[in-house]
Amino acid sequence: MSRRIKRTISPGDRAKDRSKDRSKDQTKAGPGQRSRKPDERKASDRPPSHRGPAKPPRFTEPRRNRQERPEPAASRPAKGESELPLPTKVQTVVVTADENNMRVDRFLEARFPGLSFSHIQRIVRKGELRVNGKRADSKDRLEEGQSVRIPPLRLDAPKGAGVLSEAQTRTLQALKEMTLYEDDDVLVLNKPAGLAVQGGSGMTRHVDQMLEVMRDTKGQKPRLVHRLDRETSGCLLVAKTRFAATHLTGAFRSRSARKIYWALVAGVPKPKQGRISTYLAKEEGEEDTIMRIAAHGDEGASHAVTYYAVVETSAQKLAWVSLKPVTGRTHQLRAHMAHIDHAIVGDPKYFNKENWALPGGLQNRLHLLARRIVIPHPRGGVIDATAPLPPHMQQSWNLLGLESDRFDPIENAPEE
């Protein structure tokens with residue numbers, strides 16, 4: 001067995017050797033060449049023991065020392081973002097690239113974890129928050145480089161992943177029972193009919209409030225990506241991270257998300273497959289707000305497009321209809337079906353058929369289900385979630401002899 005012998009060299013000898021090497025290099029260098037400095041060694045000058053192996057090893061460093069794969073830039077909060085001190089005086093901040101296109105309320109939630117929804121709405125409503133010197137609405141979207149004036153804020157203590165109370169534990173369990181799909185970024189809930197998505201006057205329980213129990217250690221809670229009417233059941237998409245929220249809301253804006261709804265309607269639409277295209281505008285009433293069919297150019301009118309297909313009928317009195325909204329206007333499907341004289345059964349706002357009696361055994365509740373949602377996943381791949389019929393619709397299907405596993409022809413409708 002060979003043995004390596006370590007030779008000791010004094011500092012003086014080492015200096016002499018370096019001096020000799022420099023003299024040799026200067027002698028070898030031609031007129032148009034500069035001499036190499038002692039530190040400028042080529043790879044070929046290195047001792048063989050320093051050369052890399054012909055084939056890279058499987059791991060270039062021990063597993064325990066390897067750093068985790070960094071998150072995409074969009075998922076990382078801006079520097080110091082989650083550690084901002086309590087703002088006791090007016091301050092002005094600049095919108096970063098990661099915050100581009102964020103809603104004002106989401107921007108404040110991200111910058112100041114623990115800031116309550118009601119406090120955000122109050123400072124926006126009073127005009128205390130300004131963007132480039134102008135008043136802003138909580139739903140306005142910010143652009144990179146804009147200046148945001150932020151008034152003194154009152155922050156609630158961030159709710160980390162501590163011990164939950166008995167009521168919070170029940171809420172968390174209810175969310176788990178509603179879950180159709182979940183991963184680190186995305187949550188798809190099967191919202192029951194009658195549960196509101198967001199709060200309103202006198203409303204104490206809604207999905208947005210329930211999500212409080214899912215706040216992480218930084219105080220961030222899952223964000224709603226879209227909404228469903230209170231009486232509509234089915235697939236509700238929720239972003240668990242800011243990174244996911246940005247990508248999913250972008251997918252809705254670009255119409256990359258595909259949504260399919262099921263409804264039970266009065267009568268049988270003719271033709272059995274078609275396209276509804278109208279303008280819708282909000283009409284404020286004394287007690288309620290509805291969407292009315294409007295003309296192009298009317299104040300507040302927005303274009304709305306829906307594809308429909310009859311899946312199965314019950315005599316000529318009722319039809320199971322599958323719907324694919326291309327746009328996402330308020331009450332779009334309900335207003336469109338009433339517009340073609342086939343209002344959705346149990347709709348308290350848009351059912352306008354006179355002398356029409358509800359068949360025996362059917363509950364007088366909105367028969368509308370957000371059946372399926374298909375949307376690109378923020379980190380690649382596709383989210384495809386399907387919700388079952390809610391109890392009152394399942395009862396109607398059973399009474400009418402409708403087969404819920406029939407082929408759904410709306411699959412072939414254009415995406416537009």
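This is a predicted model: local features need pLDDT of at least 70, side-chain atom pairs count only at pLDDT 80 or more; totals for chains, interfaces and linings use all residues.
**Helix α7**
- Seven of the eight residues of α7 (residues 332–339) are buried, so the rest of the structure largely encloses this helix.
- The buried set is made up of Gln332, Leu333, Arg334, Ala335, His336, Met337 and Ala338.
- Look just past the helix and you will find Asp341, which takes a positive phi of about 70°.

**Helix α4**
- With 13 residues (166–178), α4 reaches 19 Å from its first C-alpha to its last, close to the 18 Å expected at 1.5 Å a residue.
- Thr171, Ala174, Leu175 and Met178 are buried in this helix.
- Viewed down the axis of α4, these buried residues fall within an arc of 100°, so they line one face of the helix.
- Their packing partners are β5 (179–182), β6 (186–191) and α5 (207–210).
- Glu166 and Glu177, on the other side of α4, are exposed.

**Gly267**
- You can find Gly267 in the loop between β9 and β10.
- Gly267 has a relative accessible area of 12%, which is under the 20% cut-off, so it counts as buried.
- Not counting residues up to four places away in sequence, Gly267 touches Gln316, Lys317, Leu318, Ala319 and His342.
- Gly267 and Ala315 lie 48 residues apart in sequence, and their C-alpha atoms are 8.9 Å apart in space.

Terms used: Residues are numbered from 1 along each chain as its sequence is written. Side-chain values use heavy atoms; hydrogens and water are left out. Buried means under 20% relative accessible area, exposed over 50%, partly exposed in between (1.4 Å probe, protein chains only). Helices (H or I, at least four residues) and strands (E, at least two) are DSSP runs, numbered from the N terminus. The expected span of a helix is 1.5 Å times one less than its number of residues. The arc is that of the directions from the helix axis to the C-beta atoms. Contact means heavy atoms within 4.5 Å.
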